[in-house]
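Hi,

Here is the structure I promised to send over.

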Amino acid sequence: MRGAPVRILVVNPNSTESMTASIGACARAVAGPGTLVEAVSPDGGPVSIESHVEEALSVPGVLAQIVAGERDGADAFVIACFGDPGLLAARELATGPVIGIAEAAMRSAAYLGRGFSVVTTLERTVGHTWDLARAYGLERHCLGVHATGIPVVELETDPVAYATVLGAARAAMDTDGSDVIVLGCAGMADLCARLQDDLGVPVVDGVAAATVTARSLVELGLTTSGRSEFAPPKQAPVGQGRGCH
Ligand code: 2AL
(Lines give C-alpha, C1' and ligand atoms only; values in the text may rest on other atoms or scores of the structure.)
Protein backbone atom coordinates (compact mmCIF):
# COMPACT_ATOMS: atom_id res chain seq x y z
CA MET A 1 0.00 0.00 0.00
CA ARG A 2 1.28 3.47 -0.81
CA GLY A 3 1.39 5.99 1.97
CA ALA A 4 0.18 9.03 0.01
CA PRO A 5 -3.47 9.32 -1.04
CA VAL A 6 -4.29 8.32 -4.63
CA ARG A 7 -5.44 11.39 -6.57
CA ILE A 8 -7.87 10.67 -9.39
CA LEU A 9 -9.03 13.35 -11.80
CA VAL A 10 -12.43 12.47 -13.28
CA VAL A 11 -13.05 14.46 -16.46
CA ASN A 12 -16.64 14.81 -17.65
CA PRO A 13 -16.17 15.69 -21.34
CA ASN A 14 -19.48 17.51 -21.50
CA SER A 15 -19.96 20.91 -19.91
CA THR A 16 -23.15 20.17 -17.92
CA GLU A 17 -22.06 21.02 -14.36
CA SER A 18 -24.90 19.14 -12.65
CA MET A 19 -23.80 15.96 -14.44
CA THR A 20 -20.19 16.58 -13.41
CA ALA A 21 -21.33 16.86 -9.77
CA SER A 22 -23.31 13.63 -9.99
CA ILE A 23 -20.39 11.83 -11.71
CA GLY A 24 -18.05 13.07 -8.96
CA ALA A 25 -20.41 11.79 -6.25
CA CYS A 26 -20.63 8.34 -7.92
CA ALA A 27 -16.84 8.15 -8.24
CA ARG A 28 -16.30 9.21 -4.60
CA ALA A 29 -18.82 6.63 -3.41
CA VAL A 30 -16.59 3.80 -4.69
CA ALA A 31 -13.17 5.42 -4.36
CA GLY A 32 -12.60 4.28 -0.80
CA PRO A 33 -10.44 5.76 1.93
CA GLY A 34 -7.11 7.15 0.88
CA THR A 35 -8.39 8.16 -2.56
CA LEU A 36 -9.12 11.77 -3.49
CA VAL A 37 -11.47 12.29 -6.42
CA GLU A 38 -11.76 15.60 -8.23
CA ALA A 39 -14.44 15.88 -10.91
CA VAL A 40 -14.09 18.55 -13.59
CA SER A 41 -15.58 19.49 -16.93
CA PRO A 42 -14.01 21.48 -19.75
CA ASP A 43 -14.50 25.23 -20.08
CA GLY A 44 -17.10 25.44 -22.83
CA GLY A 45 -17.62 22.54 -25.18
CA PRO A 46 -20.81 20.60 -25.84
CA VAL A 47 -23.46 20.31 -23.12
CA SER A 48 -23.88 16.66 -24.07
CA ILE A 49 -22.11 14.24 -26.37
CA GLU A 50 -24.41 12.23 -28.61
CA SER A 51 -22.90 12.74 -32.06
CA HIS A 52 -19.51 12.43 -33.73
CA VAL A 53 -19.28 16.23 -34.03
CA GLU A 54 -19.97 16.75 -30.32
CA GLU A 55 -17.45 14.08 -29.50
CA ALA A 56 -14.79 15.71 -31.70
CA LEU A 57 -15.55 19.15 -30.22
CA SER A 58 -15.15 17.78 -26.69
CA VAL A 59 -11.64 16.40 -27.20
CA PRO A 60 -9.57 19.64 -26.90
CA GLY A 61 -11.29 20.41 -23.58
CA VAL A 62 -10.67 16.88 -22.32
CA LEU A 63 -6.98 17.06 -23.25
CA ALA A 64 -6.66 20.49 -21.59
CA GLN A 65 -8.04 19.01 -18.35
CA ILE A 66 -5.65 16.05 -18.59
CA VAL A 67 -2.69 18.42 -19.04
CA ALA A 68 -3.84 20.53 -16.08
CA GLY A 69 -4.27 17.41 -13.93
CA GLU A 70 -0.84 16.15 -14.95
CA ARG A 71 0.64 19.50 -13.94
CA ASP A 72 -1.21 19.40 -10.60
CA GLY A 73 0.02 15.90 -9.75
CA ALA A 74 -3.00 13.66 -10.43
CA ASP A 75 -2.03 9.98 -10.20
CA ALA A 76 -4.69 8.71 -12.63
CA PHE A 77 -7.47 9.99 -14.87
CA VAL A 78 -10.99 8.89 -15.78
CA ILE A 79 -12.69 10.06 -18.96
CA ALA A 80 -16.35 9.98 -17.99
CA CYS A 81 -18.25 9.81 -21.28
CA PHE A 82 -19.24 6.51 -22.86
CA GLY A 83 -17.65 7.36 -26.22
CA ASP A 84 -14.26 7.51 -24.43
CA PRO A 85 -13.45 10.77 -26.29
CA GLY A 86 -9.74 11.55 -26.54
CA LEU A 87 -8.74 8.42 -24.59
CA LEU A 88 -5.71 7.39 -26.65
CA ALA A 89 -4.49 10.99 -27.02
CA ALA A 90 -4.84 11.48 -23.26
CA ARG A 91 -2.62 8.46 -22.70
CA GLU A 92 0.15 10.26 -24.60
CA LEU A 93 -0.13 13.28 -22.29
CA ALA A 94 -0.48 11.73 -18.84
CA THR A 95 1.99 9.75 -16.78
CA GLY A 96 -0.62 7.92 -14.75
CA PRO A 97 -3.23 5.51 -16.15
CA VAL A 98 -6.09 7.03 -18.17
CA ILE A 99 -9.27 4.97 -18.07
CA GLY A 100 -12.34 5.49 -20.26
CA ILE A 101 -15.69 4.54 -18.81
CA ALA A 102 -16.77 2.48 -21.83
CA GLU A 103 -13.61 0.41 -21.79
CA ALA A 104 -13.73 -0.05 -17.99
CA ALA A 105 -17.41 -0.97 -17.99
CA MET A 106 -17.14 -3.46 -20.84
CA ARG A 107 -13.99 -5.11 -19.45
CA SER A 108 -15.57 -5.36 -15.98
CA ALA A 109 -18.79 -6.80 -17.41
CA ALA A 110 -16.81 -9.49 -19.22
CA TYR A 111 -15.61 -10.74 -15.81
CA LEU A 112 -19.14 -11.07 -14.50
CA GLY A 113 -21.12 -13.13 -16.95
CA ARG A 114 -21.30 -14.85 -20.33
CA GLY A 115 -22.39 -11.78 -22.24
CA PHE A 116 -23.53 -8.22 -21.61
CA SER A 117 -26.00 -5.80 -23.15
CA VAL A 118 -25.33 -2.06 -23.28
CA VAL A 119 -28.29 0.24 -22.59
CA THR A 120 -27.59 3.71 -23.92
CA THR A 121 -29.15 7.07 -24.78
CA LEU A 122 -30.00 7.81 -28.42
CA GLU A 123 -30.07 5.36 -31.32
CA ARG A 124 -27.33 7.36 -33.09
CA THR A 125 -24.79 6.32 -30.40
CA VAL A 126 -25.31 2.58 -30.99
CA GLY A 127 -22.87 2.23 -33.91
CA HIS A 128 -20.05 3.96 -32.06
CA THR A 129 -20.60 1.73 -29.02
CA TRP A 130 -20.22 -1.33 -31.26
CA ASP A 131 -17.05 0.20 -32.71
CA LEU A 132 -15.65 0.53 -29.17
CA ALA A 133 -16.56 -3.07 -28.25
CA ARG A 134 -14.67 -4.21 -31.36
CA ALA A 135 -11.71 -1.90 -30.69
CA TYR A 136 -11.39 -3.26 -27.14
CA GLY A 137 -11.58 -6.86 -28.35
CA LEU A 138 -14.87 -7.38 -26.48
CA GLU A 139 -17.24 -7.96 -29.38
CA ARG A 140 -17.63 -11.59 -28.38
CA HIS A 141 -18.93 -10.53 -24.95
CA CYS A 142 -21.13 -7.67 -26.18
CA LEU A 143 -24.43 -9.28 -27.17
CA GLY A 144 -26.38 -6.12 -27.96
CA VAL A 145 -26.50 -2.33 -27.75
CA HIS A 146 -29.92 -0.81 -27.07
CA ALA A 147 -31.05 2.82 -27.20
CA THR A 148 -33.59 4.17 -24.72
CA GLY A 149 -34.31 7.27 -26.82
CA ILE A 150 -33.51 9.51 -23.81
CA PRO A 151 -31.14 12.41 -24.63
CA VAL A 152 -28.23 12.74 -22.18
CA VAL A 153 -29.43 15.95 -20.48
CA GLU A 154 -32.96 14.56 -20.07
CA LEU A 155 -31.67 11.70 -17.93
CA GLU A 156 -31.66 14.28 -15.12
CA THR A 157 -35.11 15.75 -15.79
CA ASP A 158 -37.30 13.12 -17.45
CA PRO A 159 -39.62 11.79 -14.70
CA VAL A 160 -39.88 8.40 -16.43
CA ALA A 161 -36.16 8.08 -17.23
CA TYR A 162 -35.62 5.37 -14.63
CA ALA A 163 -38.61 3.32 -15.80
CA THR A 164 -37.51 3.67 -19.43
CA VAL A 165 -33.95 2.51 -18.71
CA LEU A 166 -35.29 -0.38 -16.59
CA GLY A 167 -37.65 -1.44 -19.38
CA ALA A 168 -34.90 -1.22 -22.00
CA ALA A 169 -32.56 -3.30 -19.83
CA ARG A 170 -35.23 -6.00 -19.31
CA ALA A 171 -35.98 -6.11 -23.04
CA ALA A 172 -32.24 -6.24 -23.84
CA MET A 173 -31.71 -9.22 -21.54
CA ASP A 174 -34.60 -11.05 -23.22
CA THR A 175 -33.53 -10.20 -26.76
CA ASP A 176 -29.81 -10.82 -26.29
CA GLY A 177 -29.88 -13.60 -23.69
CA SER A 178 -27.42 -11.48 -21.70
CA ASP A 179 -26.67 -11.85 -18.00
CA VAL A 180 -25.01 -8.47 -17.30
CA ILE A 181 -26.11 -4.91 -18.10
CA VAL A 182 -23.68 -2.09 -18.95
CA LEU A 183 -24.93 1.48 -18.60
CA GLY A 184 -24.01 3.37 -21.77
CA CYS A 185 -23.88 6.90 -20.39
CA ALA A 186 -22.16 8.62 -17.46
CA GLY A 187 -25.48 10.34 -16.79
CA MET A 188 -26.94 6.95 -15.80
CA ALA A 189 -24.38 6.37 -13.01
CA ASP A 190 -26.76 7.27 -10.20
CA LEU A 191 -29.38 4.77 -11.47
CA CYS A 192 -27.02 1.82 -11.14
CA ALA A 193 -27.71 0.43 -7.66
CA ARG A 194 -31.50 0.62 -8.05
CA LEU A 195 -31.35 -1.04 -11.48
CA GLN A 196 -29.22 -3.86 -10.09
CA ASP A 197 -31.78 -4.44 -7.31
CA ASP A 198 -34.70 -4.43 -9.74
CA LEU A 199 -33.04 -6.52 -12.47
CA GLY A 200 -31.35 -9.10 -10.26
CA VAL A 201 -28.23 -9.20 -12.48
CA PRO A 202 -24.96 -7.25 -12.26
CA VAL A 203 -25.31 -3.69 -13.61
CA VAL A 204 -22.01 -2.02 -14.43
CA ASP A 205 -21.64 1.74 -14.32
CA GLY A 206 -18.49 2.83 -16.11
CA VAL A 207 -17.81 5.77 -13.79
CA ALA A 208 -17.52 3.42 -10.81
CA ALA A 209 -15.67 0.74 -12.79
CA ALA A 210 -13.15 3.23 -14.22
CA THR A 211 -12.54 4.91 -10.85
CA VAL A 212 -11.83 1.63 -9.09
CA THR A 213 -9.67 0.42 -12.00
CA ALA A 214 -7.67 3.66 -11.97
CA ARG A 215 -7.10 3.43 -8.22
CA SER A 216 -6.08 -0.24 -8.43
CA LEU A 217 -3.51 0.43 -11.16
CA VAL A 218 -1.98 3.28 -9.16
CA GLU A 219 -1.83 1.09 -6.05
CA LEU A 220 -0.04 -1.56 -8.11
CA GLY A 221 2.54 1.06 -9.06
CA LEU A 222 1.56 0.88 -12.75
CA THR A 223 1.53 3.68 -15.32
CA THR A 224 0.86 3.93 -19.06
CA SER A 225 3.84 2.64 -21.01
CA GLY A 226 5.79 5.43 -22.65
CA ARG A 227 7.82 3.06 -24.78
CA SER A 228 6.27 3.60 -28.20
CA GLU A 229 2.70 4.45 -29.13
CA PHE A 230 1.95 6.35 -25.93
CA ALA A 231 5.27 8.19 -25.67
CA PRO A 232 4.84 11.97 -25.26
CA PRO A 233 3.91 13.49 -28.65
CA LYS A 234 6.30 15.87 -30.41
CA GLN A 235 3.60 18.49 -30.42
CA ALA A 236 1.03 18.77 -27.66
CA PRO A 237 -1.97 20.71 -29.01
CA VAL A 238 -3.13 22.10 -25.68
CA GLY A 239 -0.08 22.97 -23.58
CA GLN A 240 2.37 20.50 -22.25
CA GLY A 241 1.96 16.92 -21.17
CA ARG A 242 4.23 14.49 -19.41
CA GLY A 243 7.94 14.64 -19.87
CA CYS A 244 7.63 18.31 -20.79
CA HIS A 245 7.78 19.79 -17.32
C1 2AL B 1 -22.66 10.15 -23.19
C2 2AL B 1 -22.01 10.26 -21.92
O3 2AL B 1 -21.63 9.33 -21.23
N4 2AL B 1 -21.90 11.60 -21.68
C5 2AL B 1 -22.41 12.27 -22.73
O6 2AL B 1 -22.47 13.50 -22.80
N7 2AL B 1 -22.86 11.37 -23.65
N8 2AL B 1 -22.96 8.93 -23.75
C9 2AL B 1 -24.00 8.67 -24.59
N10 2AL B 1 -24.13 7.40 -25.03
O11 2AL B 1 -24.79 9.53 -24.93
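One term before anything else: I call a residue buried when its relative accessible area is under 20%, exposed when it is over 50%, and partly exposed in between (1.4 Å probe, protein chains only). Helices (H or I, at least four residues) and strands (E, at least two) are DSSP runs, numbered from the N terminus. Bear in mind that this is a predicted model, where local features need pLDDT of at least 70 and side-chain atom pairs count only at pLDDT 80 or more, while totals for chains, interfaces and linings use all residues. Residues are numbered from 1 along each chain as its sequence is written, and side-chain values use heavy atoms, with hydrogens and water left out.

Let's start with strand S5 (residues 116–120), where five of five residues are buried. In a regular strand the side chains alternate between the two faces of the sheet. Here both faces are covered: Phe116, Val118 and Thr120 are buried on one side, Ser117 and Val119 on the other.

S5 also has pairing partners (two strands pair if DSSP finds at least two bridges between them). Five bridges link S5 to strand S6 (residues 142–147), and the two run parallel; valine 119 sits opposite histidine 146 there. With S7, S5 pairs in the parallel sense over four bridges, and phenylalanine 116 has valine 180 as its bridge partner.

Then there's an open sheet of four strands, in the order S2-S1-S3-S4, with parallel pairing. Its edge strands are S2 (35–40) and S4 (98–100), each of which pairs on one side only. Strand S1 (residues 6–11) is joined to S2 by six bridges, again parallel, and arginine 7 has leucine 36 in S2 as its bridge partner.

Finally, helix H7 (residues 192–199). Which of its residues are buried? They are Cys192, Leu195 and Leu199. What covers the buried residues includes helix H6 (161–176), strand S7 (180–183) and strand S8 (203–205), counting contact as heavy atoms within 4.5 Å. Just after H7, glycine 200 takes a positive phi of about 75°.

Cheers
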